[in-house]
Amino acid sequence: MTFQGWGWRREDPSQGLAWVPGPEGERGAAVPCKTLATKDPTAVERANLLNMAKLSIKGLIESALSFGRTLDSDYPPLQQFFVVMEHCLKHGLKVRKSFLSYNKTIWGPLELVEKLYPEAEEIGASVRDLPGLKTPLGRARAWLRLALMQKKMADYLRCLIIQRDLLSEFYEYHALMMEEEGAVIVGLLVGLNVIDANLCVKGEDLDSQVGVIDFSMYLKDEEDIGNKERNIQIAAILDQKNYVEELNRQLNSTVSSLHTRVDSLEKSNTKLIEELAIAKNNIIKLQEENHQLRSENKLILMKTQQHLEVTKVDVETELQTYKHSRQGLDEMYNDALRQLRDESQLRQEVENELSVQVSMKHEIELAMKLLEKDIHEKQDTLIGLRQQLEEVKAINIEMYQKLQGSEDGLKEKNEIIARLEEKTNKITTAMKQLEQSDNDLLTQTRMIAMSLVKCAGSDTQDQYKLVKDISF
């Protein structure tokens, strides 16, 4: 019995068959295995699974690169890859007995990856949170799909096969994951990192799927290869058509936007033309107003020149009259200076008398200090004398302040003398006020001098009272 169309050949039933992949681009074949019949059946199973994994991974990579898009869940080579990986992980899996039934699932070793690889905790948590998964097999299938999308399936399984002592709890000693074939498959999985997959795991029924390997995808004749090439060409042509349609749609949208922009620019251009005409009219009006203002300005200049000539004549006459009046003012100013000198002499005499009184005050202070030394034992009287001394000092400060006030009065008189040049009509009244102020000042200074003379011959307590009365 022969199967030439499928690539299988069996002539002697007593002989065993082993799957051997063909050269690149050709179909595979099953050859009689007299030599393999003597081998361990588990080794033959491992070799068959390894060859199927090679074909599945190679076909998935080649078809994905030729497809040129992100793969989804409905892509047949991707579905067959997950079926092959499921068979590889199930090989040699130990059967766990429970009270109700036998449990044989690959979720146990995959769940162990979280302890060995900390980055796998996120994928394990997301698998447990999926609402539609009820069986451990469904969780394992979801885990494989998420690991492929993360492009870390090879890293996760590499950490798993290194820890053989932990895998021995789940697999028999002859299992594929415990032998060298598992390391070879993990190395082949690194090539899947070039594939971009977008798989919807949440809405897919992964619990009830039946994992059957479809050998027709790997055993193809020349007609199938030609059909595949034609399908690829048709897909490329459709992609080009879709690209051209999309480009045409974008160009139409840009043309419509440009039309709207041209309309808006035309409207704005008409508005600018109208505004330009209005601005020209305004400029003509402003030019006319400018001519009128210039003519008015010329008339105003003529009038001002005439007015200036008249004012010049008036100013010259006023200067002549001012010169005549200035002579009389100079004579009055000289008289005022003489009177000021007399008053300054009187002020010096008053200052001399005040200096005498100040010296007398110093003598009084010395006498007070001597008295304080004599009555040092009497503390109560000493405090009173100190207070009196401070009051006498305050009176002296007030006397100095009054002297400064008299100096300010003299400064005011100097300012009045300076103003005599401007106030020609009020010179006589100002001179009378100066005479009255000088007389008042002389009487005040004489009274102060008399009071200080009287105070010099009396006791300290009477002196304090008398000086206080004079100050207030």
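Visitor: How does helix 6 pass helix 7, in a left-handed or a right-handed crossing?
Guide: The crossing of helix 6 with helix 7 is right-handed. A crossing gets that label if the near helix is turned clockwise from the far one by less than a right angle, and left-handed if anticlockwise. Helices are DSSP runs of H or I with at least four residues, strands are E runs of at least two, and both are numbered from the N terminus.

Visitor: What am I looking at, before we go on?
Guide: This is a predicted model, where local features need pLDDT of at least 70 and side-chain atom pairs count only at pLDDT 80 or more, while totals for chains, interfaces and linings use all residues. Residues are numbered from 1 along each chain as its sequence is written, and side-chain values use heavy atoms, with hydrogens and water left out.

Visitor: Back to helix 6 and helix 7. At what angle do their axes cross?
Guide: Roughly 135 degrees, with the axes of helix 6 (residues 121-129) and helix 7 (residues 136-150) coming within 10 Å. That makes helix 6 oblique to helix 7. Under 35 degrees counts as roughly parallel, over 145 as roughly antiparallel, 65 to 115 as roughly perpendicular, and the rest as oblique. Axes are lines fitted to C-alpha atoms, for helices over the stretch in contact, and angles run from 0 to 180 degrees between N-to-C directions.

Visitor: Which residues make the contact?
Guide: Helix 6 brings Ile123, Ser126 and Val127, and helix 7 brings Arg139, Ala142, Trp143, Leu146, Ala147 and Gln150. Contact means heavy atoms within 4.5 Å. By class, the residues are 6 nonpolar, 2 polar and 1 charged. Ala, Val, Leu, Ile, Met, Phe, Trp, Tyr, Cys and Pro count as nonpolar, Asp, Glu, Lys and Arg as charged, and the others, Gly among them, as polar.

Visitor: And helix 2 with helix 3, how do the axes cross?
Guide: Helix 2 (residues 41-67) and helix 3 (residues 76-90) have axes that come within 9 Å and cross at roughly 155 degrees. The two are therefore roughly antiparallel, and the crossing is left-handed. Residues in the contact include Leu49, Met52 and Ile57 of helix 2 and Leu78, Phe81 and Val84 of helix 3. This contact has 10 nonpolar, 4 polar and no charged residues.

Visitor: New topic. How many aromatic pairs are there?
Guide: The count comes to 3. Rings of Phe, Tyr and Trp (its six-membered ring) pair if their centres lie within 6.5 Å; planes under 30 degrees apart are stacked, over 60 edge-to-face, the rest tilted. Phe81 and Phe82 have ring centres 5.5 Å apart and planes at 55 degrees, so that pair is tilted. Phe81 counts as buried at 1% relative accessibility, and Phe82 at 5%. Buried means under 20% relative accessible area, exposed over 50%, partly exposed in between (1.4 Å probe, protein chains only).

Visitor: What about Tyr117 and Tyr156?
Guide: Tyr117 and Tyr156 form an edge-to-face pair, 5.3 Å centre to centre with 70 degrees between the planes. Tyr117 lies in the loop between helix 5 (113-116) and helix 6, and Tyr156 in helix 8 (residues 153-162), so the pair ties together parts 39 residues apart in sequence. Both tyrosines are buried. With Trp143 they form one aromatic cluster.

Visitor: Where does Lys151 sit?
Guide: Lys151 is in the loop between helix 7 and helix 8. Its phi is positive, about 60 degrees, although Lys151 is not a glycine.
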